[in-house]
Amino acid sequence: MIRDPATLQALVEQIARFVRERLIPSEAEVAETDRVPPGIVAEMRALGLFGLSIPEEFGGLGLTMEEEVAVALEFGRTSPAFRSVFGTNNGIGSQGLIMGGTAEQKQNYLPGMATGEIIGSFALTEPEAGSDAGSLRTSARRVDGGWLLNGTKRFITNAPQASLFTVFARTDPASNNAAGVSAFLVERDAPGLRLGKPDRKMGQKGAQVCDVIMEDCRVPAEALLGGREGQGFKTAMMVLDRGRLHISAVCVAVAERLIDDALHYAMQRKQFGKPIAEFQLIQAMLADSKAEALAGRAMVIEAARKKDEGHDVGTEAACCKLFCSEMVGRVADRAVQIHGGAGYMAEYAVERFYRDVRLFRIYEGTSQIQQLVIARNMIRSAAGR
Ligand SMILES: Cc1cc2nc3c(=O)[nH]c(=O)nc-3n(C[C@H](O)[C@H](O)[C@H](O)COP(=O)(O)OP(=O)(O)OC[C@H]3O[C@@H](n4cnc5c(N)ncnc54)[C@H](O)[C@@H]3O)c2cc1C
């Protein structure tokens, strides 16, 4: 749902200009230094990018899903590391609070998240619990006036910068499944919480990830998200649905950027006396990429509209995440191929994007997990008929 097309158009154009004039020229520096310059982060804050999906009453822009997708289709046209800076505040780092927080919890944290003063991280994965997140072992034990958390969370995006973690922990020690899991809002300076060393990754340099370690980490009673035990896993899954549509839009945008780069290169690179764009085998790679990116764009926009209409889009979100993340992998591979040897060299953006996009098929649910979700929902709905 687009509430006011003119306002959205103005925002989209502003972001497109920011991407073109500020982010794309800084891509190589960010990859080299593994950090996004503070000046760019300040401009992101001024543009309101940290609060895109946070309700207006808490200082955010309160975008609908379709509006968020329209914006992601613009800011996704550059290195995914830039999006990562404000990605957790709009997605997995804030949505649990928006969907399941008490009025007081929302008031405490959302205004700071909307401005980017507070960076939120989502801490679900553990060394022994990835795809099978419901088997997580981090424990939360009730003590006088609060809770004691023990466990390690792995690969947590933005953890080095975060001041607030949504931590998923087992509150029912007798359980071994998702039903015994609750969510906690844990501040960075909670006693007993420490961070591991930043992880060294294949790509997306500039986006920081590390372990979050809790040893008798003490949090107050009010840290329990929504004030209710046993809701944590449900919250995590609701958050992931929205996040999957957001990531899918970013995959489409990266694919469109790569198609532009590959087309531009093919039109100026000459072999056998003519531009390689005139060779039909190159044209096939360009055309397949264009058709697949267009399919991804259409399915994400349609799923976002359906979500705004209030429908359950669990299946559609998983289909979008599966198709778009796999699609951008194929497009990146063709973009490298069209560049020939130059595509293997670090001075061309396609080499970096080829590594960057590999992550999209892994986090927020691997492709195999999306397939399981889709098929499970298909079987359930057929059985219920
Ligand atoms: C850069 C990065 C950032 C991340 N950020 C976050 C974050 O902010 N917060 C967070 O909580 N997590 C985060 N993660 C973790 C990420 O969500 C997990 O890595 C992902 O869910 C997969 O879990 P795993 O790595 O344990 O792999 P595993 O679950 O061990 O999977 C290994 C392989 O087995 C397959 N597999 C597993 N189960 C099945 C099955 N039933 N059927 C078929 N195949 C199966 C998987 O698809 C995969 O191919 C991040 C990861 C990375 C790499």
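Predicted model: local features only at pLDDT ≥ 70, side-chain atom pairs only at ≥ 80, totals over all residues.
A polar contact here is a pair of N or O atoms within 3.5 Å; within protein, one of the two must be able to donate a hydrogen and the other to accept it, and residues adjacent in sequence count only if both atoms are side-chain atoms. Residues are numbered from 1 along each chain as its sequence is written, and side-chain values use heavy atoms, with hydrogens and water left out.

Back to His311. It sits in the loop between H9 and helix H10 (314-339); helices (H or I, at least four residues) and strands (E, at least two) are DSSP runs, numbered from the N terminus. His311 is partly exposed, at 42% relative accessible area, on a scale where buried means under 20%, exposed over 50% and partly exposed in between (1.4 Å probe, protein chains only). From the C-alpha atom of His311 to that of Ser367, 56 residues apart along the chain, the separation is 23 Å.

Now for the ligand. Its shell has 18 residues, with Phe122, Thr125, Ser131, Thr366 and Gln368 coming nearest; to be near, a residue needs a heavy atom within 4 Å of the molecule. By type, the shell divides into 10 nonpolar, six polar and two charged residues, where Ala, Val, Leu, Ile, Met, Phe, Trp, Tyr, Cys and Pro count as nonpolar, Asp, Glu, Lys and Arg as charged, and the others, Gly among them, as polar. Strand E3 (146-157) and helix H12 (367-383) each supply at least two of the shell residues, and E3 gives the most, with three.

What about polar atoms around the ligand? An N or O atom in the side chain of Ser131 is 2.6 Å from a ligand oxygen, and a polar side-chain atom of Thr366 lies 2.7 Å from an oxygen of the ligand. Phe155 uses its backbone instead, with a polar atom there 2.8 Å from a ligand nitrogen. Taken alone the ligand exposes 970 Å², and the protein buries 64% of that (Shrake-Rupley method, 1.4 Å probe; for residues, only the protein chains shown count as cover).

Thr157 also belongs to strand E3. It counts as buried, at 18% relative accessibility, and, leaving aside neighbours within four places in sequence, it is in contact (heavy atoms within 4.5 Å) with Ser84, Thr88, Ser121, Gln208 and Val209. Gly145, in the loop between strand E2 (139-143) and E3, is exposed, with 55% relative accessible area. With residues up to four places away set aside, Gly145 touches Pro220 and Ala221.

Helix H4 (residues 65-75) is largely enclosed by the rest of the structure, because nine of its 11 residues are buried. Among them are Met65, Val69, Leu73 and Phe75. The buried residues of H4 pack against helices H1 (5-23), H5 (80-90), H8 (232-268) and H9 (280-308).

Last, the cysteines. There are zero disulfides (pairs of cysteine sulfur atoms within 2.5 Å) in the structure. Cys210 itself is buried, at 1%. For Cys319, the closest cysteine sulfur is in Cys320, 6.9 Å away and again too far for a bond; Cys319 is partly exposed, at 26%.
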